[in-house]
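Subject: Structure handover, aromatic contacts

Dear colleague,

Here is the structure for you to look over. My notes follow below.

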Amino acid sequence: MSSTLLEMTRASHEEVERLERLIVKDLQNEPANNKDRLFQSHRVRNMIDNIITTTEKLVEIYEDKDNARRDEIAALGGQTAMGTNVFSAFYDRLKEIREYHRRHPAARVVDANEDYEAMLKEEPVIEFTGEEAFGKYLDMHELYNQYNNLKFEKPIEYSTYLDIFSQPNIVPRKLKFSRQYREYMENLLEYLVYFFQRTEPLQDLDRIFSKVTTEFEEQWENDTVQGWEKTSRENGHLSADHTVIDLDFYSTVEELKEVGPEKLKEALAALGLKSGGTLQQRAERLFLTKDTPLEKLDKKHFVKGSRGSEPNGGAATSKEVDNSKEIALMEAKINKLCDLLDETIVRTKENVVKKQALTYDEMEAEREEEETQADTESDDDEQQIYNPLKLPMGWDGKPIPYWLYKLHGLGQEFKCEICGNYSYWGRRAFERHFKEWRHQHGMRCLGIPNTKNFNEITSIKEAQELWKRIQERQGVNKWRPDLEEEYEDKEGNIYNRKTYTDLQRQGLI
């Protein structure tokens with residue numbers, strides 16, 4: 001019965017209004033945990049996508065490019081080629097309705113609300129790896145291996161990589177023009193975008209990136225993009241620093257040959273030099289640029305029409321400038337995503353450090369506990385726990401009694417700067433944390449042993465001052481062999497080591 005355009009228009013408007021009401025109803029429910037929050041966000045995202053699709057169809061109908069809607073409205077008014085006949089149009093429409101019900105005698109009115117209400121209980125399929133723990137942590141292992149393969153420096157640990165992947169500015173600029181680095185940046189951006197879309201489906205990432213791009217274009221024009229200033233760029237051209245190989249580490253052509261033909265080819269191409277020939281010829285050609293400016297090199301070393309053959313020797317092609325701009329824009333987008341995912345990144349670092357401090361048995365026990373907790377949550381998903389005072393949960397998954405909450409002082413907050421300003425609720429939790437992995441890791445980072453002397457100390461400054469006083473006190477009681485180690489001469493006289501050595505040097509003993 002919805003074969004006409006007007007009926008389709010009415011049904012589409014009804015669907016949009018019903019979806020809007022469902023979104024409001026869904027968002028009024030407070031999710032019990034992170035899993036429920038993700039399910040709710042993805043349900044709302046799917047309903048918004050349906051609204052957008054339906055609205056686009058409505059726009060096409062109202063634009064009426066084929067005049068079908070106008071003709072249908074005219075037909076309802078009885079306007080035909082023979083003139084206006086309202087009764088004829090009415091009976092034709094009545095005949096069509098009767099014919100429909102004759103062909104479908106079992107047809108009944110379907111309550112669409114039942115189908116739409118079922119959407120509120122839907123659990124969308126969200127793909128996460130085991131390491132990501134349903135959006136709780138990042139899984140950067142593949143990108144970590146790719147970063148280590150770039151060979152910027154010695155291989156780093158995974159925990160160190162989590163500290164630096166969000167800081168592309170620390171990579172030397174001259175190492176950013178290799179194909180491997182560009183692929184790494186593309187993969188990093190792709191993963192962060194995909195993770196953000198899965199964990200924050202209601203965020204408008206296109207609008208965020210549009211704003212980032214606008215700000216970046218302005219900064220690029222004003223030469224204020226961090227790490228891409230005109231320190232090695234003049235009037236939009238790149239200098240010899242563009243090379244992907246740092247020649248300062250090589251003193252001979254033979255040493256440079258060890259880099260390999262492909263790496264030499266990339267470095268030569270980046271400078272606009274000819275990249276053909278044998279391994280020996282490539283190494284010799286690149287080694288010339290170590291002590292000789294590009295503008296002073298013979299033109300035979302340059303590709304025809306490249307920057308080296310131009311009067312302004314050293315000027316980059318527009319393609320190379322665009323390449324630099326694309327890499328810098330990717331860095332800007334990655335920085336923005338890292339800011340939005342800051343809490344997840346910190347949580348991932350803490351999880352990695354925690355796992356490094358656990359034994360195998362402890363890790364297995366924790367994994368079993370998480371699985372048990374996940375099963376409990378899945379069984380109790382339909383039970384809404386009434387907890388207006390936001391009391392901590394007990395062993396049975398229910399809020400603890402209020403008197404117990406007051407007895408243990410769980411409303412009292414203790415912050416520890418050494419633990420990264422982490423909050424501990426209750427005196428007992430605060431006293432126990434000095435022996436836990438987070439505080440131990442913070443003390444190790446400060447280079448201070450986590451002994452009983454530092455209990456109750458949460459300030460980094462106080463801990464450092466106390467450690468300094470302890471070291472000074474230990475220096476007074478410290479064993480000093482020069483003054484306290486005893487020596488005896490042939491006559492039985494006793495001297496300390498310093499005096500004995502001085503007398504022996506003077507030939508008096």
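Is phenylalanine 134 buried, partly exposed or exposed? Phenylalanine 134 is partly exposed, at 24% relative accessible area. Buried means under 20% and exposed over 50%, with partly exposed in between (1.4 Å probe, protein chains only).

The model is predicted: local features need pLDDT of at least 70, side-chain atom pairs count only at pLDDT 80 or more, and totals for chains, interfaces and linings use all residues. Residues are numbered from 1 along each chain as its sequence is written, and side-chain values use heavy atoms, with hydrogens and water left out.

Now the rings. The whole structure holds 16 aromatic pairs. Rings of Phe, Tyr and Trp (its six-membered ring) pair if their centres lie within 6.5 Å; planes under 30 degrees apart are stacked, over 60 edge-to-face, the rest tilted. Phenylalanine 39 and phenylalanine 134 are edge-to-face, because their centres are 5.8 Å apart and their planes stand at 80 degrees. Phenylalanine 39 is buried, at 6% relative accessibility.

Tyrosine 144 and tyrosine 158 also pair edge-to-face, with 5.5 Å between centres and 70 degrees between planes. Tyrosine 144 is buried at 14%, and tyrosine 158 is buried at 11%. Ring pairs join both into a cluster with Tyr147, Tyr161, Phe165, Tyr181 and Tyr184.

Two charges sit over rings (NZ of Lys or CZ of Arg within 6 Å of the ring centre and within 35 degrees of the ring normal). Lysine 333 has its charged end over phenylalanine 209, 5.1 Å from the ring centre. Arginine 438 lies over the face of tyrosine 422, at 3.8 Å.

Best wishes
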